[in-house]
Amino acid sequence: MELKEFKKLIKQESSQRTKTTSIFVATKALVADCRTPLLQSSKTSPMDYLKTVVPSQLLAERGSNLVVINPGSANIRIGLAQHDAPISVPHCIARRTSQVPKKNVQDQLLNSQVTTAQHMERERAYDIIASLLKIRFLDEEGANNQYPQKMGRVDAFPPQSNNKKETVIPWTNVFEKSTSSSSEEGNSLKSGEFSTEKEGNANEETNLTEPKYREHIFGEEALRISPAEPYCLRRPIRRGHFNISLHYPMQQVIEDMHAIWDWILTEILRIPRSQRHTYSAVLVVPETFDNREIKELLSIVLRDLCFTTAVIHQEGLAAVFGNGLSTACVVNIGAQSTSVMCIEDGVTLPTTQITLRYGGEDISRCLLWTQRHHQTWPPIRTDGLTKPIDLLMLNRLKESHCHIREGEVEAVAIVHSYEEGAPPGSHKTRLTALNVPPMGLFYPMLLVPDVYPPPPRSWFSDSEDMLEETWDFPRRPDMSDGYLAGGGSGFYPMWENYPVFQSKPKKQDAIGLADAIAKSILSAGRIDLQRKLFCSMQLIGGTALTEGLISAIEERVLHAIPSHEAIDTVEVLQSRTNPASVTWKGGAVLGILDFTRDAWIHREDWIKNGIHIGSGRKYKDSYFLQAQTMCFTNS
């Protein structure tokens, strides 16, 4: 359907109601998955289709060939848009190596040593938190505590999830699996293919032949490889950016990312390369990504993975759609970075974006430091940097036992040791001060993120600049006059005053989460919008599930607002979807409801023209990509 006709149909609906309202109504229906049949209509326009279609039917019809990909530093969430939830896979790959001396992790050469100054600042931060939580100071004996102890035994609560979290994590079998060996059938659940024919003869052959190493291992299996095995773990994304360094060049990063995504599509989603030309992809990217990083992702999806079309959305915008909202302050607490961004009527406000270089994994490492300082950690060698399986265990302990509330918080837990060439060991111990590590979100000096060399700035210099000061888009012959301003020299009138923003988000490494939220919202401008955003905060990411975090954020954000501001109410909205996957769900909703697909990039056009998309418009950055998508929803 041509754009002029589509616009005319919109105007016929109502002069008062915009398509934005209809889109968000449809979004809420999809999120809630309302099953109530609606009145049927003979019209076939997209607006009438949204009014009459049942959400489950809409998902089935438009989501069956739409793959939503949400890559992150620690995990990648991927799945078909018609599914209720994505598949979450650790975003890593372990490749067999013959390098001597061998590195267990590609990032092993990063500087993770805490300086004396950082150690002193960490101790001061701990004591500040201890005074707020009414617990013992770092080096204070229980008898000298000036606050009455409030015992809050975490293990006294119903252990609905603790048993699963405390299960011993087994080592990965690094040898290739024999399809006919009955002894390895239990390890072949992911492939789903079992061969039982000629079992006896095959077993005899297997016993006579030497086991063969797997060349590469993906996902959680890669995290569970013993340090004694000849493998090196690689993480393509780190701290919200491509993990490029002198020891991990760009080409290897891109090859590893392609290998991980191709394995997930083929082995888990069962979408072979030969069928991908019938599928489209929605890329939901972090706000931290630079322009070139977004372009490289598009090349992976369109050129290497062979999807027919693709579109990009940012996580903040997708999260708002995933919860059926239109305006919110999105606080995304990831594994290695945290970002804050405000959305108004389905459009991001770039000046409100703040990126913090800490996340859930830093809380896990802080948990280890706290227990070692209190001498409650068993005498075992636990290293979350060089032994990924230890970080996996620490993450599980954090998810099971870390909470935010006043008083002493202790728990009896099972800690596992993973030594080279030995089976995993179990140690029962009493963990203490479990409410301190999550408070590091408000006092980041407690977390002390690891230091690593950033990629050279020259890598991000783009010969095809996507941030020109003037915007000039060639006009399509099938586009009506209303969609271009000033005789085709600009974009839709609503974007005439759209600001030109920095290519890099603002980084505030030393600022706490509450201060970052208050600073972000106060930079939104209008007082009415600020009040609305303070009452519409949305927490996303796995760390958002931490018990007590919502009330802690509400209390501290209120205190972080300057006294001269006329704001006295803050509220964190309850998420309608799992906070860990709400960005993926929002990407699915956006992809399904995008009927015109004007901002979608076609494979042939991308390979031939690079950053020119199929419509003939040259995009500038991820903000403008989403502006293209939203131009039809604000008519």
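How far apart are the end C-alpha atoms of α12, and what span should its 14 residues have at 1.5 Å a residue? The end C-alpha atoms are 20 Å apart, which agrees with the 20 Å that α12 should span; the expected span of a helix is 1.5 Å times one less than its number of residues. This is a predicted model, in which local features need pLDDT of at least 70 and side-chain atom pairs count only at pLDDT 80 or more, while totals for chains, interfaces and linings use all residues. Residues are numbered from 1 along each chain as its sequence is written, and side-chain values use heavy atoms, with hydrogens and water left out. Helices (H or I, at least four residues) and strands (E, at least two) are DSSP runs, numbered from the N terminus.

**Helix α12**

- Of the 14 residues of α12, 11 are buried, so the helix is largely enclosed by the rest of the structure; buried means under 20% relative accessible area, exposed over 50%, and partly exposed in between (1.4 Å probe, protein chains only).
- Among the buried residues of α12 are Gly360, Ile363, Cys366, Leu367, Leu368 and Trp369.
- The cover over these buried residues includes α5 (116-133), α13 and β16 (425-431).

- Strand β12 (residues 328-333) runs antiparallel to β13 and is joined to it by six bridges; two strands pair if DSSP finds at least two bridges between them.
- A hairpin of four residues connects β12 to β13, and Cys329 stands opposite Cys342 in β13.
- Strand β14 (residues 347-356) also pairs with β13 in the antiparallel sense, over six bridges, with Ser339 opposite Thr355 in β14.

**Positive phi values**

- Most residues other than glycine have a negative phi.
- Asp345 takes a positive phi near 50° in the hairpin of β13 and β14, which has two residues between the strands.
- Gln375, which follows α12, has a positive phi near 60°.
- Gln375 lies in the loop between α12 (360-373) and α13 (388-401) and is exposed, with a relative accessible area of 71%.
- Arg597 has a positive phi of about 50° although it is not a glycine.
- Arg597 sits in the loop between α17 (582-593) and β19 (601-602) and is partly exposed, with a relative accessible area of 24%.

Note on methods. Contact means heavy atoms within 4.5 Å.
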